[in-house]
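Student: Hi, could we walk through this structure together? I'd like to hear about its helices, strands and core.

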Amino acid sequence: MTARSTRCTTAARTRTSRLAAVAAIAVAGSMLLTACGDQTDSGSTGGAATGAPKDGGGNSAPLFAKLPDDIRKAGVIKVGTDASYAPMEFTENGKIVGVDPDIAEALGKKLGVRFEFVSGTFDGLITSLETGRQDLVMSSMTDNKKRQEGLDDDGKKIGKGVDFVDYFSSGVSLLVKKGNPKGVTSLEGLCGQTVAVQRGTIYEDTFKAQAEKCGGNKLTIQAFDTDAEAQTRVKAGGAVADLNDYPVAAYIAKTSGGGKDFEVVGNQSDVGLMGIAVSKDKTQLRDAVKEALDAIIKDGSYAQVLKKWEVEDSAVASATVNAGK
């Protein structure tokens, strides 16, 4: 399970296993809206275009012909993201940067189009696919059956679901205040404590599952619109832990406050796949992205991106579709 998830749309993100100061990111979630729904236009900031230049004709990119006609004509693939999740995607000097934008840039070179990122709240990203405002979602989103089938937490059908091109693998880790004042070492050790988490994520699901196990020794969960707010709560001592994908947690611990704000504790758990989300109506686009991912894995440009961001352990050997559980 890993990475981000969503409640309002059952589709949003997942975060799993950079180099602006995360202290700034951890405090500033101002780019995100708080309501559910399709927010990648009205909630956008720091849009970023990566990849090949727009070219309406004569495109020599190896996989350009694989794209749908409307994408080839536009020369752009519109990507929804929640750019508050360093090192995967975050805003630096007004530009969306990170692992996902760099992977998108490499994909764009194979496909011959630009990938244009727009940031919105995580729990509105899947809706942006359903309304056609975005073509893809790249936002550390966990591939799981619930999102694939458009189900809510109770198994009720609430949407068409989405397809995923899986491109990243990682587990989740606990992030605590530096010095670990409460001595937290595992999820089981959180019973009787208060935790902070981003609302609508798989991490919130994990904490809720643990709360049930805690029974009368109550685990109190404080959910926030952004992970930055959850981090701030932990830093202030109002909560003992946050939960994130390991690469994200490690990056926060390394950079926030010069490494003096947080630390990662316990072992990684729930290793799973992150996917690039695509509408089920856009199988041609999905297949083109999958082929492009295989191409950048083969030529080494995928590995170069992961090395740049120090997340090599999260590499996948090949592109898969809907391989999440």
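**Helix α7 and beyond**

Tutor: Happy to. In helix α7 (residues 227-236), the buried residues are Asp227, Ala228, Ala230, Gln231 and Val234. Buried means under 20% relative accessible area, exposed over 50%, and partly exposed in between, with a 1.4 Å probe and protein chains only. This is a predicted model, where local features need pLDDT of at least 70 and side-chain atom pairs count only at pLDDT 80 or more, while totals for chains, interfaces and linings use all residues. Residues are numbered from 1 along each chain as its sequence is written, and side-chain values use heavy atoms, with hydrogens and water left out.

Student: Why do the buried residues of α7 line one face of the helix?

Tutor: Looking down the axis of α7, they fall within an arc of 160°, so they line one face. The arc is that of the directions from the helix axis to the C-beta atoms. Helices (H or I, at least four residues) and strands (E, at least two) are DSSP runs, numbered from the N terminus.

Student: And what follows α7?

Tutor: Glycine 237 does, and its phi is positive, near 90°.

Student: Switching to sheets: what is the strand order in the open sheet of three strands?

Tutor: The order is β3-β4-β5, with antiparallel pairing. Two strands pair if DSSP finds at least two bridges between them. β3 (84-85) and β5 (95-97) are the edge strands, each pairing on one side only.

Student: How many bridges join β3 and β4?

Tutor: Two, in the antiparallel sense, with β4 covering residues 89-92. Serine 84 has phenylalanine 90 in β4 as its bridge partner, and tyrosine 85 stands opposite glutamate 89.

Student: Now the inside. Which residues have the most contacts in the largest nonpolar core?

Tutor: Ile77, Ile103, Phe115 and Leu190, in a core of 74 residues. Strand β8 (residues 162-177) gives the most to this core, with seven residues. Apart from it lies another core, of nine residues, among them Leu125, Val137, Phe164 and Ala277. A nonpolar core here is a set of buried Ala, Val, Leu, Ile, Met, Phe, Trp, Tyr and Cys residues joined through side-chain atoms within 4.5 Å.

Student: Which residues is isoleucine 103 in contact with?

Tutor: Leaving aside neighbours within four places in sequence, isoleucine 103 is in contact with Met138, Tyr167, Ile296, Tyr302, Val305 and Leu306. Contact means heavy atoms within 4.5 Å.

Student: How many disulfides does a search of the whole structure find?

Tutor: One. Cysteine 191 is joined to cysteine 214, S to S 2.0 Å, where a disulfide is a pair of cysteine sulfur atoms within 2.5 Å. The link is left-handed, with -80° about the S-S bond. Cysteine 191 is in the loop between β8 and β9 (194-198) and cysteine 214 in helix α6 (residues 202-214), so the pair, 23 residues apart, links distant parts of the chain.

Student: Is cysteine 214 buried or exposed?

Tutor: Buried, because its relative accessibility is 8%.

Student: Last one: where does glycine 266 lie?

Tutor: In strand β12 (residues 262-279). Glycine 266 counts as partly exposed, at 43% relative accessibility.
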